[in-house]
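Here is a walk through one predicted model. Keep the sequence and the 3D view open side by side as you read.

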Amino acid sequence: QVQLVESGGGLVQAGGSLTLSCAASGRTFSRPTMAWFRQAPGKERDFVASITWTLGATNYADHVKGRFTISRDIAKNTVNLHMNSLKPEDTALYFCAARAPEALRYNYWGQGTQVTVSS
């Protein structure tokens with residue numbers, strides 16, 4: 001099984017920056033799509049950003065575009081999410097996810113890391 005472990009969450013003031021990391025281990029994919037999702041209290045888990053491993057093609061949700069940057073370190077099997085200009089509404093539990101090329105949905109998830117943005 002693929003194991004995903006997030007780190008880097010914490011408390012940050014509005015307007016600040018924070019970088020999350022996701023380390024993948026176990027059975028890894030040669031051409032995965034990696035993504036970040038988040039879930040705020042009382043809300044559904046929603047998409048934040050994704051990146052393809054091979055080409056590094058990125059996709060962002062509209063509400064984070066221009067503020068968040070997703071990247072990957074192929075050698076380290078690590079995906080990062082650099083978050084700038086954080087807003088209180090960014091407060092959520094952030095999850096790293098992975099999808100195999102043949103999969104229709106993200107079916108590998110980390111345990112989550114909490115991001116809290118104070119106003």
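Start at Ser21. Setting aside neighbours within four places in sequence, Ser21 is in contact with Val5, Glu6, Ser7, Trp36, Thr78, Val79 and Asn80. One of these contacts is polar: the side chains of Ser21 and Asn80 meet at 2.8 Å. Ser21 sits in strand S3. Is Ser21 buried, partly exposed or exposed? Its relative accessible area is 23%, so Ser21 is partly exposed; the buried class ends under 20%.

Now move to Thr78, one of the residues that Ser21 touches. Thr78 belongs to strand S8. Thr78 has a relative accessible area of 15%, and therefore counts as buried. Beyond four places in sequence, Thr78 touches Ser21, Cys22, Ala23, Trp53, Ser71, Arg72 and Asp73. Across the strands, Thr78 is the bridge partner of Asp73.

Strand S7 and strand S8 (residues 78-83) pair antiparallel over 6 bridges. They are part of an open sheet of 4 strands, in the order S1-S3-S8-S7, with antiparallel pairing. Which strands stand at the edges? Strand S1 (2-7) and strand S7 (68-73) do, each with a single partner strand, so one side of each has no neighbour in the sheet. From one strand to the next, the twist averages 15 degrees. When you trace any of these strands, keep one rule in mind. Side chains in a regular strand alternate between the two faces of the sheet.

The model has 1 disulfide. It joins Cys22 to Cys96, with the sulfur atoms 2.1 Å apart. The angle about the S-S bond is -80 degrees, and the link of Cys22 and Cys96 is left-handed. What does the pair tie together? Cys22 lies in strand S3 (residues 18-26) and Cys96 in strand S9 (residues 92-99), so the link ties parts that are 74 residues apart in sequence. Cys22 has 1% relative accessibility and counts as buried. Cys96 is at 0% and is buried too. Thr78, in S8, has Cys22 among its contacts.

Strand S4 (residues 33-39) and strand S5 (residues 46-52) run antiparallel, joined by 6 bridges. Trp36, which is among the contacts of Ser21, stands opposite Ala49 in S5. The S4 and S5 hairpin has 6 residues between its strands, and there Gly42 takes a positive phi near 75 degrees. S5 is also joined to strand S6 (residues 58-60), by 3 bridges, again in the antiparallel sense. Ala49 takes part here as well: its bridge partner in S6 is Tyr60. The S5 and S6 hairpin has 5 residues between the strands. Its Gly56 has a positive phi near 70 degrees.

Phe37 and Ser21 are 16 residues apart in sequence and 13 Å apart in space, C-alpha to C-alpha. How many aromatic pairs does the model hold? The count is 4. One of them is Phe37 with Tyr106, an edge-to-face pair with 5.3 Å from centre to centre and 70 degrees between the planes. This pair links distant parts of the chain: Phe37 is in strand S4, Tyr106 is in the loop between S9 and strand S10 (108-109), and they are 69 residues apart. Phe37 and Tyr106 are both buried.

Another of the pairs is Phe95 with Trp109. It is also edge-to-face, at 6.4 Å centre to centre and 80 degrees between the planes. Phe95 lies in strand S9 and Trp109 in strand S10, so the pair ties together parts 14 residues apart in sequence. How exposed are these two residues? Phe95 is at 7% relative accessibility and counts as buried. Trp109 is at 31% and counts as partly exposed. Ring pairs connect Phe37, Phe47, Phe95, Tyr106 and Trp109 into a cluster.

Definitions and conventions: Residues numbered from 1 in each chain as written. Heavy atoms only, no water. Pairing = 2+ DSSP bridges. Helix = DSSP H or I, 4+ residues; strand = E, 2+ residues; numbered from the N terminus. Axes fitted to C-alpha atoms, helices over the stretch in contact; angles between N-to-C directions. Disulfide = S-S within 2.5 Å. Buried < 20%, exposed > 50% of the residue type's maximum accessible area, 1.4 Å probe, protein only. Contact = heavy atoms within 4.5 Å. Phe/Tyr/Trp six-rings, centres within 6.5 Å; stacked < 30°, edge-to-face > 60°. Polar contact = N/O pair within 3.5 Å; in protein donor to acceptor, adjacent residues only side chain to side chain.
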